[in-house]
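User: Hi! I'm new to reading protein models. Could you walk me through this one?

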Amino acid sequence: MSLRVWTLALACAAISAPVFAETLSKTLDNGLKVIVREDARAPVVVTQLWYKVGSVDEQAGKTGLSHVLEHMMFKGTPSVPSGEYSKRITAMGGELNAYTNRDETVYYQTVAKQHLPEVLQMEADRMVNLGFSNKDYVNELEVVKEERRLRTDDSPSGRLYEKLYQTAFNTSGNKSPIIGSMDDLTHMTGDDARAWYQRWYAPNNATMIIVGDVNAKQAIDQVERAFGGLKPSKLPSRALPAEPKQTQERSAEVSAPSELPIVALGYQVPQLKQLDDKLPYALDTLADVLDGNAASRMEKNLVRAKPIALSAGASYSLLTRADTLFVLSGAPAQGVSVPQLIAALKGEVADIAKNGVSEEELARIRNQREASETYAKDSMSTQASLMGDLESKGFSYQNEDEVRRRLNAVTAAEVQQAAQFLSDETVTQVILKPEALNQKGSK
């Protein structure tokens with residue numbers, strides 16, 4: 001989940017559940033952690049199963065394994081044949097999907113509450129009994145390749161950000177594309193996916209989160225009946241390679257069918273490792289100052305006032321297992337050169353580093369966080385996602401309020417220090433140069 005979405009959703013989740021809702025947690029003997037939050041406003045239940053494995057766990061030459069396995073998880077077990085899982089959830093009137101990112105792979109469903117036991121049984125079944133044919137694998141791999149073409153190869157921003165991470169980082173996990181490189185996908189085999197499944201898919205590498213119209217204690221008992229008999233696995237070492245410290249600016253170029261050039265500046269910065277870290281909260285707030293709303297500095301100074309950019313933004317991920325980037329990005333306005341845009345993006349940060357931010361700006365950000373509660377207060381999925389995000393990054397679901405409190409306690413001086421932390425020695429500059437839109441059959 002992106003930091004901006006997480007920050008907004010965190011505020012939302014605080015009022016999402018009824019005042020007297022109970023949240024219970026239990027770790028089963030096999031290592032599966034279960035978290036259940038009662039929310040009786042509708043007779044439905046959301047389940048999310050979070051596996052702590054993503055692209056940061058992959059090695060060079062085998063990128064995309066986590067995402068490919070996500071696809072294969074719908075290809076059946078001896079008791080639930082290929083395609084049947086989705087059909088059964090749909091027949092219940094439910095919804096389902098899954099996603100893979102750098103840090104985890106998540107499978108989720110929303111169903112009427114009476115179907116919870118059946119959903120849990122099917123999820124437990126495919127945790128240990130997945131079986132797919134080579135034919136199914138080959139067919140699904142083509143789906144993944146087409147997804148890569150759509151999201152990366154034929155997408156200017158997709159190419160830009162893939163190149164950014166490949167240039168900014170040296171260790172394989174940090175630079176691995178989530179969807180995998182086309183070369184790695186082409187050479188990947190069904191046995192590679194099966195080995196990845198055996199390595200990481202186990203109850204002691206997963207968290208089951210349930211939010212909905214349930215009795216929390218009874219729901220935990222239902223999870224125990226479905227998953228309790230599964231055996232834990234000996235997991236590989238979780239230590240991620242340390243990223244060498246960057247000491248000088250890096251740069252790269254990439255091209256794609258596009259009407260305009262696009263620029264991305266990625267600064268190596270720390271993520272939140274302990275609750276009392278200060279800089280990550282300040283970096284998150286700095287991103288909001290630069291690009292948090294219509295009154296943010298980039299929108300006001302670069303897009304509307306001059307204009308220098310057709311678009312400009314800032315992003316940062318507070319919660320991540322691997323090394324992360326603080327990213328400035330933009331596309332130049334007509335008559336503005338790429339160097340001018342880069343100077344303008346850096347200039348916004350430099351101004352804050354020199355002159356700081358106003359209390360009025362910080363108050364606006366806090367008010368926006370508070371107001372955002374309205375948008376997600378009825379979302380059981382948001383509640384579950386927040387708890388899963390915290391748990392998968394090594395924190396506790398019980399830290400929600402403390403993270404929100406610390407975000408809102410960031411001072412103007414700390415935001416200024418965060419801006420000063422972004423130096424040219426730790427930046428990676430990537431420029432996407434436009435190709436003719438019809439050069440490769442595009443559009």
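User: Let's start with Arg41: is this residue buried, partly exposed or exposed?
Analyst: A quick note first: this is a predicted model, where local features need pLDDT of at least 70, side-chain atom pairs count only at pLDDT 80 or more, and totals for chains, interfaces and linings use all residues. Residues are numbered from 1 along each chain as its sequence is written, and side-chain values use heavy atoms, with hydrogens and water left out. Buried means under 20% relative accessible area, exposed means over 50%, and partly exposed is in between (1.4 Å probe, protein chains only). Arg41 has a relative accessible area of 41%, so the label is partly exposed.

User: Which residue does Arg41 form a salt bridge with?
Analyst: A salt bridge here is a side-chain nitrogen of Lys or Arg within 4 Å of a carboxyl oxygen of Asp or Glu. For Arg41, the closest N and O atoms of the pair are 2.6 Å apart.

User: How many residues apart in sequence are Glu224 and Lys26?
Analyst: Their side chains meet in a salt bridge, 3.0 Å from N to O. Helices (H or I, at least four residues) and strands (E, at least two) are DSSP runs, numbered from the N terminus. Glu224 is in helix H10 (residues 216–227) and Lys26 is in strand S1 (residues 23–27), so the bridge ties together parts whose separation in sequence is 198 residues.

User: And where does Asp424, the partner of Lys346, sit?
Analyst: Lys346 and Asp424 form a salt bridge with their closest N and O atoms 3.2 Å apart. Lys346 belongs to helix H13 (residues 338–355), 78 residues away from Asp424. Asp424 itself is in the loop between helix H18 (412–421) and strand S11 (427–435).

User: How many salt bridges are there by this rule?
Analyst: Some join up, as Asp57, Arg238 and Arg321 are linked in a network. The count comes to 32.

User: Which residues have the most contacts inside the largest nonpolar core?
Analyst: A nonpolar core is a set of buried Ala, Val, Leu, Ile, Met, Phe, Trp, Tyr and Cys residues joined through side-chain atoms within 4.5 Å. The largest one has 51 residues. Those with the most contacts inside it are Tyr51, Tyr201, Ile210 and Phe227.

User: How many residues does the second, separate core have?
Analyst: Val263, Tyr267, Ala333 and Ala418 are among its members. The size of this second core is 49 residues.
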